[in-house]
Structures are given as C-alpha cells and as structure tokens.
Amino acid sequence: MSVNMKKAAAERAVDEYVKDGMKVGLGTGSTAFYAIHRVGELVANGMDLTCVATSEETERIAGDLGIKVVDLSEVNNLDVTIDGADEVTMQLQLIKGLGGALVREKIVAAASLDQIIIADESKLVESLGKVCPLPVEVMIFGHEKAKRMIERQGCKAVLRMKGDEPFVTDNGNYIYDCKFDGIENPYFLESRLDTIPGVVENGLFLNMTTAAFVGRSDGTVKKIC
Ligand code: 5RP
C-alpha cells in the first residue's frame with residue numbers, strides 16, 4: 001500500500017490549526033497543495049476563512065476551490081500559515097524556496113501568529129544545508145555581482161533555470177541556489193546575506209515556526225513543536 005505522507009501531514013495540520021473565522025496563510029508547493037485542498041473542503045462545508053496566498057500558483061489553486069483570497073495588505077495579520085519546507089531540523093529551523101516562493105512565504109510567515117510546516121520524512125535533517133542548496137532571491141539588475149558576493153560566504157551559487165532561460169520569480173527576480181557543505185551558523189550566514197546589495201531574501205527561516213507535521217512511511221504523522 002502506498003502512503004501519501006505529504007497529504008497525511010497536510011490534513012493533520014489543517015485539522016488541528018485552522019478554525020472558523022480565521023485568517024490563514026496558504027503555502028506553496030506539492031505538500032501545501034494538499035493543505036489548500038483541505039482548506040477548500042472546510043470552506044465548502046461552511047467554514048468562514050479569509051486566506052492570503054504565498055504565490056500566484058497558490059492563489060490560482062485556492063481560487064479554483066472557492067477559497068476567499070485577499071491581499072496581505074487587506075488584513076493586519078494572520079492567525080496561522082501552513083506551508084511546506086525543503087529542510088526541517090528538530091529545532092524547527094528551515095530551508096525553504098526550492099519552489100521559488102521564498103520571499104512571499106517569509107513575509108506571510110512573519111505576519112502569522114503561528115507558522116505550521118508540513119513535510120514528508122525525507123525533509124527532516126540534523127543540520128541545515130548538507131542536502132539542499134539554499135535559495136537566495138536577487139534583483140536581476142547586477143545579479144552577477146550579487147552572485148560573487150554570495151559565493152564569498154562559502155558556497156557555489158548556481159542561477160536557477162527554467163528550460164533555456166533563467167527562472168523568474170513572481171516578484172520579477174532571479175534565484176541563486178547556493179550549495180554549502182553544511183551551514184554551521186545559519187544566523188551569521190543570514191546576517192551576511194542580508195547585507196549584500198541586490199539580495200532580496202534568502203531561504204533560511206530561523207525561529208519562525210511553531211510546529212511541524214512530518215508524514216512518515218508507516219502512515220503516521222509526527223508532530224514536532
Ligand atoms: C516553495 C517552498 C516549498 O514549501 C518547498 O519547496 C517544499 O515544496 P514541496 O512541498 O513541493 O516539497 O519553499 O518556495
């Protein structure tokens with residue numbers, strides 16, 4: 001029997017954290033997809049929810065399901081955001097952004113009382129940056145210069161491509177996927193990346209997460225908090 005670990009984690013998270021009348025942030029990616037569908041079911045059953053999308057793709061999926069989606073500027077804050085991740089530690093530190101939505105995801109997470117992460121067990125790591133590259137979104141203007149300054153932090157930065165062309169985010173920027181040999185001090189790295197002209201945001205989500213639901217191959221879902 002094949003177990004859909006992403007779906008199980010997503011449904012547990014929505015059922016535990018999304019309540020009538022809430023303002024909800026909707027994440028981006030193949031795991032968040034299942035959470036958006038669960039939210040759609042709740043809305044179809046009469047729950048009153050106001051949602052903010054973290055990407056144009058999420059906004060489209062939510063709209064098709066009849067979910068009310070508003071701009072972040074229309075709500076002061078959010079009760080909860082449910083989103084995926086690329087790496088999750090037991091201390092709830094994350095790498096996000098392989099799906100290309102890290103800037104809006106970080107803004108929405110920062111506006112949320114609770115940020116809830118959903119993932120399958122392949123995303124659980126002991127420390128950040130050994131498996132996944134760290135996505136860093138940069139302005140197109142002068143991006144080669146930003147790349148050189150990013151690489152001085154000890155990584156190999158590769159411009160993300162979509163076919164023959166650079167991938168362009170919903171914000172009109174490029175992404176460099178930065179391969180480190182492990183990230184020893186994520187707080188220090190984040191502070192250095194934040195000082196590089198042209199860097200819009202990086203995929204380190206540190207101390208932003210309330211809980212993570214991790215779907216396991218035996219069909220159970222582990223909650224980390
Ligand atoms: C998008 C993200 C996603 O949450 C992350 O890439 C996980 O995606 P998936 O659930 O498809 O593995 O950060 O920017």
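Let's start where helix α1 begins: a side-chain oxygen of Asn-4 comes to within 3.3 Å of the backbone nitrogen of Lys-6. That is a polar contact in the sense used here, a pair of N or O atoms within 3.5 Å where, within protein, one must be able to donate a hydrogen and the other to accept it, and where residues adjacent in sequence count only if both atoms are side-chain atoms. Before going further, note that this is a predicted model, with pLDDT of at least 70 needed for local features and 80 or more for side-chain atom pairs, while totals for chains, interfaces and linings use all residues. Numbering runs from 1 along each chain as its sequence is written, and side-chain values use heavy atoms, with hydrogens and water left out.

Helices and strands are DSSP runs numbered from the N terminus (H or I, at least four residues, for helices; E, at least two, for strands). Helix α1 covers residues 5–17, and at 1.5 Å a residue its 13 residues should span 18 Å, which agrees with end C-alpha atoms 18 Å apart. The expected span is 1.5 Å times one less than the number of residues.

Which residues of α1 are buried? They are Ala-9, Ala-10, Glu-11, Ala-13, Val-14 and Tyr-17. Buried means under 20% relative accessible area, exposed over 50%, and partly exposed in between, using a 1.4 Å probe and protein chains only. The cover over these residues includes α2 (32–44), β3 (78–83), β6 (112–120), β14 (211–215) and β15 (221–224).

Rings of Phe, Tyr and Trp (its six-membered ring) pair if their centres lie within 6.5 Å, and planes under 30 degrees apart count as stacked, over 60 as edge-to-face and the rest as tilted. Tyr-17 and Phe-213 have ring centres 6.1 Å apart and planes at 75°, so this pair is edge-to-face. Because Tyr-17 lies in helix α1 and Phe-213 in strand β14, the pair ties together parts that are 196 residues apart in sequence. Tyr-17 is buried at 16% relative accessible area, and Phe-213 is buried at 0%. Phe-33 and Tyr-34 make an edge-to-face pair too, with centres 5.5 Å apart and planes at 80°. Here Phe-33 is partly exposed at 33%, and Tyr-34 is partly exposed at 22%.

Now for strand β6, where Gln-115 sits. This residue is buried, with a relative accessible area of 1%. Leaving out residues up to four places away in sequence, Gln-115 has contacts (heavy atoms within 4.5 Å) that include Thr-81, Lys-96, Phe-205 and Ala-211. Two of those names come up together again: Lys-96 lies over the face of Phe-205, 5.6 Å from the ring centre. For a charge to sit over a ring, NZ of Lys or CZ of Arg must be within 6 Å of the ring centre and within 35 degrees of the ring normal.

Arg-160 does likewise, with its charged end over the ring of Phe-167, 5.7 Å from the centre. The side chain of Arg-160 also makes a polar contact with that of Asp-177, at 2.8 Å. Asp-177 belongs to strand β11 (residues 174–179) and is buried at 13%.

Finally, the backbone: Leu-92 has a positive phi near 65° without being a glycine, and is buried at 7%.
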